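I opened the notebook to log what I looked up in this structure. The entries follow the order in which I went through it.

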Amino acid sequence: MSTWVFDTETLPNRTLFCAKNVETGEWFDVWRHQPDAPARLLKFVQQPGATLVGFNNRFFDNVIVAAFCQGRQEIEIKRIADDLIVADTAPWVAMRKYNLREVILDSIDLVEVAPSFVGLKAYGARMHMPRLQDMPIKHTAFIKPEQEPLLLEYCHNDVDTTAELLRQLEKEVLLRVEMSRAYGVDMRSKSDSQMAEQAYITSMGLKRADNTVPPTIRYIAPEFLRFNDPGLQALLDRVVSHTFEMNQRTGHVILPDFLGLTTVKFNQGEYQLGVGGIHSTHDKQVCHVAGDEVITDIDAASFYPSIILECGFVPAALGQRFVDEYRNIYNRRLEAKRNGDKVTDGTLKISLNGTFGKLASRYSVLYSPDLMLAVTLTGQFTLLMLIERLEAAGAVTLSANTDGIAIRYEKRLMDVVNRVVNEFSELSRFQFEFTPYRVLAMKDVNNYIAVKPDRSLKVKGIYAPLSLRKNPTAQVAADAVGQWLAHGIPFMETIRNAPFQDFISARNVTGGGQQSGEYLGKVVRWYQSNDPALEPIRYASNGNKVPKTDGARACMTLLDRVAHPADLDFDWYHKEAIKIAVAVGCERFLTAEEIAIITPPPKVTKRRKNGTR
């Protein structure tokens with residue numbers, strides 16, 4: 001067995017195929033105009049035991065390879081490429097239109113496996129790849145032989161980026177391999193929700209068909225939902241009595257204003273309800289320190305799967321057999337967890353959690369808007385009911401978000417709080433888990449820095465560590481705030497000891513970015529410099545400034561991720577850390593000198609000649 005990462009490039013007079021063996025580092029490059037090129041490429045892609053991995057290859061590169069191997073000339077291959085990209089022609093339509101047959105025997109496409117809907121260049125920035133580069137030659141150009149090395153170097157860079165993406169997605173790919181074995185269907189190029197859908201298609205014999213969107217649906221609340229507060233009970237009654245209209249075009253539920261636009265106020269808290277999870281709105285720019293009290297998250301374990309199984313919901317379109325199959329998968333996963341079978345546990349977790357993403361899609365065999373509405377509304381009212389009971393016992397709700405809440409209470413109430421949660425767990429049949437904190441510093445419910453009792457951090461949203469899910473945004477500043485909250489380390493100490501990669505920011509720039517007349521690309525990467533002569537990065541299309549790039553120096557090439565460049569502006573990152581500390585409600589813990597750093601100087605009002613202001 002061998003794994004090759006590959007990519008293709010198309011120009012009117014050149015077609016290039018490049019592949020790299022991830023086990024050995026060996027390269028295979030072939031140009032269409034070289035002798036016997038179609039035969040050589042066909043032999044390569046059909047070699048026994050080889051798997052070819054690409055990015056968006058199912059929708060582009062596989063078609064290009066088919067045309068290449070069948071001897072089509074460069075100009076026709078370019079026309080096919082334009083049909084796929086410019087005209088957005090579906091690959092299967094293009095295959096029929098140009099009378100092509102598939103030639104790659106075994107391939108994986110990472111575009112759905114990766115967690116975000118972004119391009120390969122953006123993933124390159126998120127992985128701190130050494131070089132971010134757009135196509136160095138206009139795709140409509142007829143190139144000369146001496147320009148071929150430029151195109152080859154560019155293609156190799158994209159292949160290296162794809163190889164690193166494959167390495168970082170190894171766990172996800174291996175789970176898909178196991179899912180493929182378990183269900184007898186190739187799921188290696190599918191997203192979590194697509195895999196869940198395929199699992200039910202296979203196990204239940206479901207068939208794809210156009211779904212009928214019901215004109216209206218209703219919500220039937222489970223029996224345990226009952227509030228003591230008249231206002232909350234009135235809201236629940238209103239939701240139960242409401243007839244939800246459906247958008248016949250999208251297949252989505254139309255929310256009434258009393259749910260979609262109005263917040264729910266209860267005691268000192270305020271909450272937003274809707275089709276998604278509950279979100280508190282009273283927890284902006286606030287820092288909670290436990291001190292002599294207890295601060296803890298209370299999260300519902302496997303919340304949405306538990307709602308489906310414990311509340312008796314049966315989707316109208318799928319019936320009881322769906323619930324029975326869902327319970328079968330749930331029980332098998334519990335058994336796998338008890339036996340320490342992490343592979344089976346992981347694959348079945350995808351089948352459970354990925355299901356929910358398809359309930360609202362009218363193009364899915366799992367389309368069940370009634371079940372989707374039942375799950376989300378039950379989850380929100382369940383947490384509101386838990387909030388009501390805990391606050392009656394003396395707790396204060398700090399935040400609420402989708403599957404859990406954060407509360408604060410006096411230590412003397414610990415037994416009372418535990419008893420309330422246990423009793424509610426027995427009533428609702430949901431399991432709840434506690435995560436205590438020393439500090440909970442929140443910009444809002446989705447963006448916060450929390451310090452656990454052992455001084456480890458739980459960081460969410462824009463302050464979370466860099467991953468494939470977010471672009472780098474001067475991560476060192478948020479890290480400095482986290483270390484300050486957890487250990488009292490001064491901001492500048494963390495900043496000066498951080499590797500250079502933590503200082504980098506990157507973002508997508510529509511139409512491409514440029515600095516001082518030099519074109520950078522559609523994804524730009526930079527750090528903050530102390531060079532006063534630097535111009536900001538600008539949009540190549542209109543000259544407007546790219547946000548947050550005053551004082552930025554583009555670094556599209558990153559050869560050293562550790563060493564600091566001579567012009568790195570440590571003071572800018574120090575200032576940014578102070579701004580984050582203020583944003584998460586920690587202003588009262590800052591020194592006067594630190595506050596002064598981010599305080600703009602007062603405006604000077606000039607005197608007029610007549611002495612007035």
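Is Ser516 buried or exposed? I looked it up, keeping in mind that the model is predicted. Ser516 has a relative accessible area of 55%, and because the cut-off for exposed is over 50%, Ser516 counts as exposed.

**Entry: backbone angles**

I stayed with Ser516 and checked its backbone. Ser516 is not a glycine, yet its phi is positive, about 50°. I noted this because most residues other than glycine have a negative phi. Ser516 sits in the loop between strand 19 and strand 20.

I then looked at Lys548, also not a glycine, and found a positive phi of about 65°. The loop that holds Lys548 runs between strand 21 (538–539) and strand 22 (552–554). Lys548 counts as exposed, with 69% relative accessibility.

**Entry: second largest pocket**

By class, I noted 16 nonpolar, eleven polar and eleven charged residues in the lining.

**Entry: cavity**

How many cavities of 30 Å³ or more are there? I found one. The largest cavity has a volume of about 40 Å³.

Helix 5 and helix 6 each give at least two residues to the lining of the largest cavity. I listed Leu120, Lys121, Gly124, Met129, Arg131, Leu132, Gln133, Asn157, Asp158 and Thr161 as the lining residues. Their classes come to three nonpolar, four polar and three charged.

**Entry: salt bridges**

Side chains of opposite charge can pair when their charged atoms come close. I looked up the count of salt bridges, and it is 24. I followed some of the pairs individually.

Asp83 pairs with Lys97, with 2.7 Å between the closest N and O atoms. This pair links distant parts of the chain, Asp83 in helix 3 and Lys97 in helix 4, 14 residues apart. Asp83 is buried, with a relative accessible area of 10%, whereas Lys97 is exposed at 53%.

Arg408 and Glu293 form a salt bridge at 2.5 Å, N to O. Here the link runs from Arg408 in strand 14 (residues 404–410) to Glu293 in strand 12 (residues 293–300), 115 residues apart. I have Glu293 as partly exposed, at 27% relative accessibility.

Arg333 and Asp345 also meet in a salt bridge, at 2.5 Å, N to O. Arg333 is in helix 12 (residues 320–338) and Asp345 in helix 13 (residues 342–353), twelve residues apart, and the pair links distant parts of the chain. I found both Arg333 and Asp345 buried.

**Entry: nonpolar surface patch**

I went back to helix 4 (residues 91–97), where Trp92 is placed. Trp92 counts as exposed, at 52% relative accessibility. With Phe59 and Val93, Trp92 makes a nonpolar surface patch of about 280 Å².

**Entry: Ile580**

Last, I looked up Ile580, which lies in helix 19 (residues 570–583). Is Ile580 buried or exposed? I read 11% relative accessibility, and because buried means under 20%, Ile580 counts as buried.

I also checked Ile580 against Ile449. Between Ile580 and Ile449 there are 10 Å in space, C-alpha to C-alpha, while in sequence the two are 131 residues apart.

Key. Residues numbered from 1 in each chain as written. Predicted model: local features only at pLDDT ≥ 70, side-chain atom pairs only at ≥ 80, totals over all residues. Heavy atoms only, no water. Patch = residues over 30% accessible without salt bridge, like charges linked within 9 Å, V, L, I, M, F, W, Y side chains within 5 Å. Areas by Shrake-Rupley, 256 points an atom, 1.4 Å probe, with all protein chains shown as cover. Salt bridge = Lys/Arg side-chain N within 4 Å of Asp/Glu carboxyl O. Helix = DSSP H or I, 4+ residues; strand = E, 2+ residues; numbered from the N terminus. Buried < 20%, exposed > 50% of the residue type's maximum accessible area, 1.4 Å probe, protein only. Nonpolar A, V, L, I, M, F, W, Y, C, P; charged D, E, K, R; others polar. 1 Å grid on protein atoms, 1.4 Å probe; cavity = no way out; pocket = protein on both sides within 12 Å on 5 of 7 lines; lining within 4 Å. Points joined across faces, edges and corners; volume = space filled by probe spheres on them.
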